[in-house]
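Hi there,

I am handing over the structure we talked about, and my notes on it follow just below. Have a look at it first, then read on when you have a moment.

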Amino acid sequence: MSSLLSIKNMSVNFDTPRGSLEAVRGVDIEIPAGMSVGVVGESGSGKTVMCRAAMGLLQGSTVNRTGTVIFDGHELTAMSKEQVRELFGSGMAMIFQDPLTALNPVRRIGVQVAEGLRIRLGMSKSDAMVRSKELLELVRIPNAAAVLKSFPYQLSGGMRQRVMIAIAIACNPKLLFADEPTTALDVTVQAQILQLLRELREDLKMSMVLVTHDLGVVAGNTDYVAVMYAGEIVEYAPTTKLFADMRMPYTEALLDSIPRVDHKSGTRLSVIAGRLPDPTHRPAGCGFAPRCKYAQEKCTTDHPELKADPDGHIYRCWFPIGGAL
Amino acid sequence: MAGSGTAHMRNTVDSVLTVRDLTVEFRVAKDKIVKAVSGLSFDVVRGETLAIVGESGCGKTTLARAILQLPPPNSGEVVFDGTDLTLLPKENLRSARTSMQMIFQDPISSLNPRMTVHQLLDEPLEIWDRGTRAERDERINKLLFSVGLEPDLVLNRRSYEFSGGQCQRISIARALALDPRMLICDEPVSALDVSIQAQILNLLLSMKETFGLTMLFISHDLAVVKAISTRVMVMYLGKICEVAPPDVLYSQPAHHYTRALLNSVPIPDPTKQIRTELLQGEPPSPMNPPSGCRFRTRCAGASALCSEQEPQLREVSSGQFVACHHPIV
């Protein structure tokens, strides 16, 4: 299977007054064309930084990105800012967690949806408006004509996220980055938005990177999952494989710590003791070792390399669950 | 009588809190009134954890605040420990509140950043004159230990030096300082990461046992509610839809809204994905709620009766009460 996006040995460091903060550390990942890949981890694990760095959205003198990012045959890391920007909209697009701050509060919805159409596809003002209305209908916004003329504050959170999705898919991107797209929404609205994304992906043959902290969202909406911890990908496998046969102790601990509607009530949750390691002083060994119930001496001294099972299941652990294959 | 019925009220001597016909309305413009909570009744008995669950805007936070008279409700009774708080003069209300403490959603902004942990915990004890300086210090140390913090390491630090999970532990210690009988938790774990969320939920469960607390637990997260509650009340647009013990509610919901809510919770297991008909649209405005049953506009099972008559709570199985004309059997 060809990969649409491939990230090779990418690291992202931020210069801070406390020293260099290593947000993403030697990430390798392939996003296969037409697939949905979940990126899951806790706050501070580097999932958002990884996506933004891959798109080249992190800039400034305090950001140091190393490694290679290849998208659809273009080596993004060797291109200028302007050249990368040409790919936004028709190549890659992104939707963010908080649709209210992502939308411009003083411009009407119609103008914001039409903007990409006019710039990328060179549409006339009136054609772009007609297409914008169609796009709003495509993301199932009722009364699209009226919404075109509204301002973001007049819409509910769910409607705003639908507008963001309409903007993102306006120029038929090949890859959609969705960064916690439903975290700010109620469960019933979340279910609607996730269903919409599933349908749009199928209709438009679009690949998706879905960033989330919610393993439930990952389970029902992705083909592959990457689990991140302390800036690294610690496990990567097809979604069904990962849930059925997880190899990385962190993934297991994360899954055990979440309350579930399909478990009996009143059951005590397992707890992951301790906290994420300080990103300015990464430990020598495995980042999860101090919190891991399977940790041995080697884990605190030697940094584990990525290992792959014969079936392609990737993990970063000296003593994986189920032993070495 | 307005409201969603009273069949689920137990009226026992064991009731710590009894709310009757509580209504909270806010005037937002000359003739626009937000009906946040409309004629709600329920009771909480000793040792129980009643969870109130519902989407944003259903009135759950307003309800919690109205119980504490922050602000007082427009009408209705809030009987706590035998006294109706709505009738109490200001000074008596202040002392009544000592036995009813609240924990808020955002642990960092609910602690004063200018105060040290010692000052934060000492403040309630000093105001209510609980013991001498030495006795208070001992009490503070005990409280910090019980919430899993090392007093020597935290006493002289301020809230911004702590993580969200640690701040929530401090908030819990502060809420327990005056030995309350009841704890009202408003989305106490929503702002926390999953691994920290589990720590705080377990802490609340053990605090409840150690201090013999009765809890009101407000959350939008059905999975969290299932883990911690002994009774669950589902709210929609300021009314009660269903009240039941968690295991019953989750395995055989009787209200169409409860079922829709449960079906939209993502389950972290790719082999257990349910793809049923989703709830369409969003809740109507609380300024102009639908007649009859407030959920009827989004309900698959609605009939003409639902727009004409408001359903009253009735028992459909042991301990399970539902306000619906056509409950799911």
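In chain B, strand E3 (residues 49-53) and strand E8 (residues 214-219) pair in the parallel sense, over five bridges. One of the residue pairs to look for is Val53(B), whose bridge partner in E8(B) is Ser219(B). Please keep in mind throughout that this is a predicted model.

Those two strands belong to an open sheet of eight strands in chain B, in the order E6-E7-E8-E3-E9-E10-E12-E11, with mixed pairing. Its edges are strand E6 (100-103) and strand E11 (314-317), each of which pairs on one side only. On average, neighbouring strands of this sheet are turned by 25° against each other, direction ignored. Helix H7 of chain B lies across E3, E6, strand E7 (182-186) and E8, and runs at about 160° to E8(B).

Chain A has an open sheet too, made of four strands in the order E2-E1-E4-E5, and here the pairing is antiparallel. Strand E2 (19-32) and strand E5 (74-75) of chain A each have a single partner strand, so one side of each is left without a neighbour in the sheet. Helix H1 (residues 47-55) of chain A packs on this sheet and touches E1, E2 and E4. The direction of H1(A) makes about 110° with that of E1(A). Strand E1 (residues 3-16) and strand E4 (residues 63-71) of chain A run antiparallel and are joined by eight bridges. Within that pairing, Leu5(A) has Phe71(A) as its bridge partner in E4(A).

Now to the place where the two chains meet. In the contact between them, 41 residues of chain B touch 45 residues of chain A. Together the chains bury about 3,700 Å², with 56% of it on carbon and sulfur atoms. Val194(B), Pro268(B) and Glu282(B) supply 17% of the area that chain B buries against chain A, more than any other three residues.

What holds charged side chains together across this interface? The count between chain B and chain A is three salt bridges. One of the pairs is Lys272(B) with Asp262(A), where the closest N and O atoms are 3.0 Å apart. On the side of chain B that touches chain A, helix H7 (194-211), helix H8 (222-228), helix H9 (246-251) and helix H10 (256-263) each supply at least two residues. H7(B) gives the largest share, 10 residues, and this is the helix that also lies across strands of the chain B sheet. Sorted by class, that side of chain B has 19 nonpolar, 12 polar and 10 charged residues.

Over all chains, a search of the whole structure finds 32 salt bridges. An example inside chain A is the one between the side chains of Glu137(A) and Lys133(A), at 3.3 Å from N to O. Both residues lie in helix H5 (residues 125-138) of chain A, four residues apart, which is about one turn of the helix.

Finally, two backbone details to check on your screen. Most residues other than glycine have a negative phi, and most peptide bonds are trans. Asn9(A) has a positive phi of about 50° although it is not a glycine, and Asn9(A) lies in strand E1 of chain A. In chain B, the peptide bond from Leu70(B) to Pro71(B) is cis, with omega near 0°. Pro71(B) sits in the loop between helix H1 (60-67) and strand E4 (75-80) of chain B.

Key:
Residues are numbered from 1 along each chain as its sequence is written. Chains are lettered from A and ligands numbered from 1 in the order in which they are written. This is a predicted model: local features need pLDDT of at least 70, side-chain atom pairs count only at pLDDT 80 or more; totals for chains, interfaces and linings use all residues. Side-chain values use heavy atoms; hydrogens and water are left out. Two strands pair if DSSP finds at least two bridges between them. Contact means heavy atoms within 4.5 Å. Axes are lines fitted to C-alpha atoms, for helices over the stretch in contact, and angles run from 0 to 180 degrees between N-to-C directions. Buried area is the accessible area (1.4 Å probe) that two parts lose on being put together, summed over both. A salt bridge is a side-chain nitrogen of Lys or Arg within 4 Å of a carboxyl oxygen of Asp or Glu. Ala, Val, Leu, Ile, Met, Phe, Trp, Tyr, Cys and Pro count as nonpolar, Asp, Glu, Lys and Arg as charged, and the others, Gly among them, as polar.
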